[in-house]
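Please look over the structure shown below before reading on.

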Amino acid sequence: MSSVLVWLIGKRYIINVILALLAVSIEVFYSICGGSCSYLKGEVFGMGLQYIGIAYMAFIIFLSITKKDRLLILVLSAGVAVEVYLVGFHVWYDTYCPYCLAFGGTLMVMFLLNIRKDRLKPALLSGVIALALFSFFFKGSATPVYAAETLVPSFGSGKVMVRLYTDYFCPPCRGAEPKIEPLIAELVKKNIINLTFVDTPLYKASPLYGRYFVYILNEKKDLDLALKARSVLMDAAREDIGDQSKLEEYLTNKGIKFTPFDAKQTFNVINGYLKEDKIISTPSCVVVQDGKAAKYTGGTDIVNALEGLKQAAKKKP
């Protein structure tokens, strides 16, 4: 055994306390600034996991100070088993919380520092029991929560679904926008259509622009703002702005506010539309009414399709 490892084991109680305090700090920071973790919800007996984690680490500190070795390793092994379950929960929902993973990593270091060969069997038994109990009492969710919170750039309450596929760097898209914009604005405001803007990433900087479009809507989800934002972003694309800081500066100078957020679920929805509608070029428009979908490509065809919806609505009593 190396001298460093021997020293670490000799100082394990002090190290336990330091790591436990670090883990508590992680939980406190998580509570203040959840970020992407706000999509992951979990509780036991109605108590949030972050509060359970703080109480758990407080108990670890007590056991370390009082040097209750046997109970300490049982509690640590139980905690590791729970963390293994929670990591599986992250993988299942494909949504990862850095705070949760950091907490688990800290706990694993403490476990490895304190485990002994003669305590492997009771530690394993403790872990199995903890895993069984936690899986039974744990209530967690991810998809239902963030599905409800997902910001999708959709507007209007009409029965006709319209998905407009464009790219800010696409010259035909920019050329058709002046004719398309007033039509979709009128159709949305008269509740004829439900419109969804789908930014299609055909150019290198397109994903950056698409991200900032939803950041703008996160500041205020409003159709007039969305149309203004699209116009400003197209102007930025004309100037070939491909740097994030320069784009932010450009938007700020134009009076466009934006609020960054974890937009992963938004883009999952958008990618779903792209696959469903099999979009390979822009501008494109998909109109869904009476359960049937029709695709239109090119500015002229899209304008004609939207005009058709407008005229059909006028004929209805």
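What follows describes the nonpolar cores, then a charged residue, then the cysteines.

This is a predicted model, in which local features need pLDDT of at least 70 and side-chain atom pairs count only at pLDDT 80 or more, while totals for chains, interfaces and linings use all residues. Residues are numbered from 1 along each chain as its sequence is written, and side-chain values use heavy atoms, with hydrogens and water left out.

A nonpolar core is a set of buried Ala, Val, Leu, Ile, Met, Phe, Trp, Tyr and Cys residues joined through side-chain atoms within 4.5 Å, where buried means under 20% relative accessible area with a 1.4 Å probe, protein chains only. The largest such core has 50 residues, and Val162 and Leu306 are among those with the most contacts inside it. Leucine 306, leaving aside neighbours within four places in sequence, is in contact (heavy atoms within 4.5 Å) with residues including Val162 and Ile180. A second, separate core of 22 residues includes Leu72, Ile73, Val80 and Phe103.

Arginine 119 is buried yet has no salt bridge, and the nearest side chain of opposite charge, aspartate 69, is 4.1 Å away; a salt bridge is a side-chain nitrogen of Lys or Arg within 4 Å of a carboxyl oxygen of Asp or Glu. Beyond its neighbours within four places in sequence, arginine 119 is in contact with Asp69 and Ile73.

The structure holds 0 disulfides, a disulfide being a pair of cysteine sulfur atoms within 2.5 Å. The sulfur of cysteine 285 is 12 Å from the closest cysteine sulfur, in cysteine 173, which is too far for a bond.

| Residue | Relative accessible area |
|---|---|
| Cysteine 173 | 1%, buried |
| Cysteine 285 | 1%, buried |

Methods:
Lys, Arg positive; Asp, Glu negative; His and termini not counted.
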